[in-house]
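The following exercises concern one protein structure.

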Amino acid sequence: HAGTIRRAPWLLPVSSPPIADGGIAVQAGIIAAVGPFREVLRSWPGAQVVDHPDCVLLPSLINAHAHLELSHLSQLGQQPAPPSFPAWIEGLLAARSQAAADEAAILQAARQVLAAQQAEGVIALADISNSGLTSQLAVDYSGRLLVFKEYLGLREDSAAAALLRLQQESDEQPCTGHAPYSTHPALLRGLKARANRLGHVFPIHTAESMAEIELLCSGSGPFRAFLEERKLWDRSFLPMGDKGGAVRWLHQHGLLDSRTLCVHCVHIYKGEIALLAASGAKVCLCPGSNRSLGVGKPPLASLLRHGLLPAIGTDSLASNPALSVWREIRLLAEEHPSVPPETLLAMATLGGAAALGLDKR
């Protein structure tokens, strides 16, 4: 079969310069060639030409961080910024326990969000799930739904039990840890070793709030109180001292490499950005969630100067009033006016693809 050539006034490959009057040859659902229309037509003389006048054709968007199973808690994302990040987590856990029994409602809300993502041009979405429920949605989604099962447990005993559960997981199931303030280092190392053995990406919440940095550096602050109140704290947690930060903490525990995806990265410091770049680790920014929770803005210009091209994620409706990668691009443009718009578009496409190991496709 000769395939199809899609023709448009502009092609925007993102990984290479724009092409005026471009053509995309497609055969059996796979892009076979991209270039000036007349050149592509010469190579595919019998192909059916489909015109897209007044259009720009560009790669689909990537949502590199979402929590679909929190979609039914959208009322939380509409509320004013909480007094602290641990206070928001407390509200999330309370709302989640109240609604936990209704799996049908959880799935329905998640399905609606995924359909809206697809309608906006999202071709791949990295979902963080505690229950694994959202894996059922992959059959309805024409893109790639990557569901990562998230492990928590900061106490030594809960980490040991989680490591035993991890041994029972199918090799097909990517698994990850939640964050340095909620997942014991031994559990994170076990999760990371498994991810590396299986060639999986390892997303982890990193430096999202100042409360996290305070806990990692001094072992005190609002997170310590939150964890003690819930009996999630024991004496095995070793703070880093004042030379630390979340990225440095990940590095010290051997968790940073080219398959690590550090999500949020709001409170990272100059030396840590160099550490991220040297390790080849990837970064995902979630500006809508950060703004809604009042945790601050990431140092985007500095990340770019160090050669990092961050991905973009929407996070969940529990922390973001609207889930749209286009909206996230607009928020980044508002907050970082020195960053060129073409860079923001590259983040939403190529940056996300690289973060999820899909950039060769």
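**Exercise 1. The whole protein**

How many helices and how many strands are there in the protein?

Solution. The model is predicted, so local features need pLDDT of at least 70 and side-chain atom pairs count only at pLDDT 80 or more, while totals for chains, interfaces and linings use all residues. Residues are numbered from 1 along each chain as its sequence is written, and side-chain values use heavy atoms, with hydrogens and water left out.

Step 1. Helices (H or I, at least four residues) and strands (E, at least two) are DSSP runs, numbered from the N terminus. The protein has 14 helices and 13 strands.

Step 2. The radius of gyration, taken over C-alpha atoms, is compared with the globule rule, 2.2 Å times the number of residues to the power 0.38. The radius is 21 Å, close to the 21 Å that the rule gives for 361 residues, so the protein is as compact as a globular protein of that length.

Step 3. A residue is buried under 20% relative accessible area, exposed over 50% and partly exposed in between (1.4 Å probe, protein chains only). Buried residues account for 51% of the 361 residues.

**Exercise 2. Helix H6**

Determine whether the span of helix H6 agrees with expectation, and state what its buried residues pack against.

Solution. Step 1. The expected span of a helix is 1.5 Å times one less than its number of residues. Helix H6 (residues 185-198) has 14 residues and should span 20 Å; its end C-alpha atoms are 20 Å apart, which agrees.

Step 1. The buried residues of H6 include Leu-187, Leu-188 and Leu-191.

Step 2. Contact means heavy atoms within 4.5 Å. Among the elements against which the buried residues of H6 pack are strand E8 (144-151), helix H5 (156-166) and helix H9 (246-252).

Step 3. After H6 comes Gly-199, with a positive phi near 75°.

**Exercise 3. Aromatic pairs**

Classify the pair of Phe-85 and Phe-223, then the pair of Trp-233 and Phe-237.

Solution. Step 1. A pair of aromatic rings is described by the distance of the centres and the angle of the planes. Rings of Phe, Tyr and Trp (its six-membered ring) pair if their centres lie within 6.5 Å; planes under 30 degrees apart count as stacked, over 60 as edge-to-face and the rest as tilted.

Step 1. The structure holds 6 aromatic pairs. In one of them, the ring centres of Phe-85 and Phe-223 are 6.1 Å apart and the planes stand at 75°, so this pair is edge-to-face. Phe-85 in helix H3 (residues 85-99) and Phe-223 in helix H8 (residues 222-229) are 138 residues apart, and the pair thus links distant parts of the chain. Both Phe-85 and Phe-223 are buried.

Step 2. Trp-233 and Phe-237 form a tilted pair, with 5.1 Å centre to centre and 40° between the planes. Trp-233 counts as buried at 15% relative accessibility, and Phe-237 is buried with a relative accessible area of 9%.

Step 3. Ring pairs also join Phe-85, Trp-88, Tyr-181, Phe-223 and Phe-226 into a cluster.

**Exercise 4. The surroundings of Phe-237**

Where does Phe-237 lie, and which residues does Phe-237 touch?

Solution. Step 1. Phe-237 is in the loop between H8 and H9.

Step 1. Not counting residues up to four places away in sequence, Phe-237 touches Leu-154, Pro-180, Leu-215, Leu-216 and Gly-219.
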